[in-house]
Amino acid sequence: MERQREEAAPTFATWRRRLERAPAGEVQREVERFLEVLKAVGTPMIDGTTVHFIAYSPEARRVAVTGEFNQWDRRGIPLTPLGQTGIFYHTAEFHGPVRVEYKFIIDGQWTLDPFCPNRIDNGIGEQNSYFVVGDFHEPTELQWDPAIPHGRIEEFDFDSELLHNRRRVYVYLPPGYDEDSSKRFPSFYVHDGGEYLTRARLPTVIDNLCHRQELPPLIAVMVDPVDRGREYWANEAYARFVEQELIPFIDQRYRTLPRREARGVMGASLGGLISTYLALSRPHLFSKVAGQSSAFFLEERRILALVEELQEPIAFYFDVGKYEPQFIPAHKRLIPRLEAKGCPCLYQELAGGHNWTSWRAHLKDLFLFLWTQSPLAVNGAVKTETPDLPPPLAEAPVRRQGIDRLFVRFFNAWELLFPQSEQLDTPLAVESVNTGEQLVFRLALPNVDPHEVGILLIGNTLIIKGLYPAAAEQGDGEAPAAEKGARWFERTLPLPAGVQLDSIHASYHDGVLEITMRVPRRLTARRIPIEIR
């Protein structure tokens with residue numbers, strides 16, 4: 001008879017069997033032994049590519065796990081209770097090398113994994129627990145090397161007359177900047193500048209790449225936002241600030257090469273969206289763009305319209321984590337359009353998520369493609385005999401009127417934008433028009449901020465939800481509408497059979513929300529009632 005051996009490296013499968021088979025009088029002792037194992041080896045328990053999330057909460061009714069793998073869904077993935085032990089578990093597969101962040105949701109409360117020894121504050125969701133699958137290592141260019149030359153940082157507050165606000169700016173000047181006053185350098189504008197400075201270690205990356213002669217010396221202008229959600233959401237007022245105030249100031253104060261071929265812009269998430277919008281709407285300013293996990297799905301129609309107008313090539317670098325799948329489709333629709341316009345593009349889908357660990361790990365790829373490998377690359381500092389800088393650039397014309405709206409197609413972001421709230425009972429008028437090629441639905445939403453409206457597509461039903469200001473409070477700009485008696489409204493709109501979902505677009509102008517879609521064959525336009533919940 002074969003004797004069963006105790007495992008030197010405890011596995012969850014073995015402990016699960018022990019707990020399931022333990023006699024009633026031994027269950028609590030086995031649970032205590034298992035908890036001692038978890039304290040020693042840590043969680044999750046990982047076996048190759050199989051990851052076991054394990055939580056112990058005897059009083060909990062519902063335990064879930066959420067993280068990069070489900071885009072930090074507010075409901076999370078439910079953990080399965082292991083009998084009456086108070087232990088909950090969930091098993092998933094992760095193919096590395098990858099580092100993944102997560103949290104538990106215990107009866108609605110988000111919490112770190114108490115048995116996980118790995119915790120990080122990466123700027124997304126405060127502290128998170130994390131685990132590593134495979135041979136994952138931070139790139140060497142992120143490590144500070146005291147033996148090589150280093151650039152220096154100048155920082156100051158910048159006042160904007162256009163935006164009526166003040167923001168912090170950090171300017172990285174490469175090694176040797178002060179040694180030869182005849183040299184000029186390319187400039188790279190970085191959104192979320194303080195975050196890239198500290199969390200992404202951007203100056204250290206530039207120092208290391210320059211020392212290895214993999215990157216020409218350049219000036220990095222790292223700019224903090226003031227109202228990130230508004231400024232970075234393809235905001236035209238912010239774009240005018242960059243063009244008319246920030247760039248002229250930098251070109252006057254520092255020895256930049258003041259031309260588009262030597263100027264780039266970059267950012268992550270919404271920062272990638274505003275960077276792309278800036279370059280496409282003002283190609284006379286920028287020839288290089290980098291976006292990491294760029295939120296193109298928020299303004300995809302607007303971005304694609306600017307691509308159609310583009311007359312000058314721009315080099316683009318994009319990366320997206322495979323654990324943020326809602327970001328991927330818009331990239332795959334955008335890149336072929338850019339390439340058709342003659343724009344060099346490098347696009348990567350990476351084993352990572354929406355966090356600074358992933359973004360900083362690929363700064364080398366970003367820099368090398370835009371500044372050395374792209375056909376539009378500029379090679380290093382340039383000596384000049386004409387130190388006089390050009391006057392500030394004139395304002396570029398606004399290319400598009402109105403506000404293209406957010407089209408939310410994934411449930412998690414919908415819930416984050418619009419929490420459950422009391423609904424407005426006032427009916428909304430809907431007009432439908434068949435133009436022959438398009439079916440158009442128009443909803444009158446006077447006095448409604450378009451940034452407070454969202455549309456969710458589920459099957460063949462459109463759900464329209466937003467914030468309607470209280471009549472007595474309209475015109476008072478002293479407090480947000482949500483704090484002055486405004487109420488949420490929600491309406492559903494059934495779509496005719498045969499509508500191609502990818503053809504649906506939404507826009508807001510002159511107090512009217514307009515939803516357009518390609519007309520299916522043999523379709524007759526008719527008024528469609530809105531169900532009032």
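## Conventions and model

A helix crossing is right-handed if the near helix is turned clockwise from the far one by less than a right angle, and left-handed if it is turned anticlockwise. The structure described here is a predicted model, in which local features require pLDDT of at least 70 and side-chain atom pairs count only at pLDDT 80 or more, while totals for chains, interfaces and linings use all residues. Residues are numbered from 1 along each chain as its sequence is written, and side-chain values use heavy atoms, with hydrogens and water left out. Helices (H or I, at least four residues) and strands (E, at least two) are DSSP runs numbered from the N terminus.

## The eight-stranded sheet

An open sheet of mixed pairing is built from 8 strands, in the order β11-β12-β15-β14-β16-β17-β18-β19; two strands count as paired if DSSP finds at least two bridges between them. Because β11 (152-160) and β19 (345-350) each have a single partner strand, they stand at the edges, and one side of each is left without a neighbour in the sheet. On average, neighbouring strands of this sheet are turned by 15° against each other, direction ignored. Within the sheet, β16 (residues 263-268) and β17 (residues 288-292) run parallel and are joined by 5 bridges. Gly267 has Gly291 of β17 as its bridge partner.

Helix α7 (residues 270-281) packs on this sheet and touches β14, β16, β17 and β18 (315-321); contact means heavy atoms within 4.5 Å. The direction of α7 makes about 150° with that of β16; axes are lines fitted to C-alpha atoms (for helices, over the stretch in contact), and angles run from 0 to 180 degrees between N-to-C directions. Helix α4 (residues 202-211) lies across β11, β12 (165-173), β14 (187-191), β15 (219-223) and β16, and runs at about 170° to β15.

The crossing of α4 and α11 is right-handed. On the α4 side, Leu202, Val205, Ile206 and Leu209 take part, meeting Leu363, Lys364 and Phe367 of α11. By class, the residues of this contact are 6 nonpolar, no polar and 1 charged (Ala, Val, Leu, Ile, Met, Phe, Trp, Tyr, Cys and Pro count as nonpolar, Asp, Glu, Lys and Arg as charged, and the others, Gly among them, as polar).

Helix α7 has a helical partner in α6 (residues 236-253): their axes come within 10 Å and cross at roughly 65°. Helix α6 is therefore roughly perpendicular to α7, and the crossing of α6 and α7 is right-handed. Glu236, Tyr238, Ala239 and Val242 of α6 meet Ile274, Tyr277 and Leu278 of α7. The contact of α6 with α7 comprises 6 nonpolar, no polar and 1 charged residues.

Strands β5 and β6 (residues 87-93) run antiparallel and are joined by 2 bridges, and Pro81 has Phe88 of β6 as its bridge partner.

A salt bridge joins Glu30 and Arg18, whose closest N and O atoms are 3.0 Å apart. This pair links distant parts of the chain, 12 residues apart, with Glu30 in α2 (residues 27-41) and Arg18 in α1 (residues 12-21). The structure holds 30 salt bridges (a side-chain nitrogen of Lys or Arg within 4 Å of a carboxyl oxygen of Asp or Glu).

## Backbone features and a hairpin

Most residues other than glycine have a negative phi, and most peptide bonds are trans. Thr43 and Pro44 are joined by a cis peptide bond with omega of about -5°, and Pro44 belongs to the loop between α2 and β1. Ala234 has a positive phi, near 45°, and is placed in the loop between α5 (228-231) and α6.

Strands β27 (residues 505-509) and β28 (residues 512-518) run antiparallel, with 5 bridges joining them. His509 has Val512 of β28 as its bridge partner. The two strands β27 and β28 form a hairpin with 2 residues between them, and Asp510 in the turn has a positive phi of about 50°.

Notes. Parallel < 35°, antiparallel > 145°, perpendicular 65-115°, else oblique.
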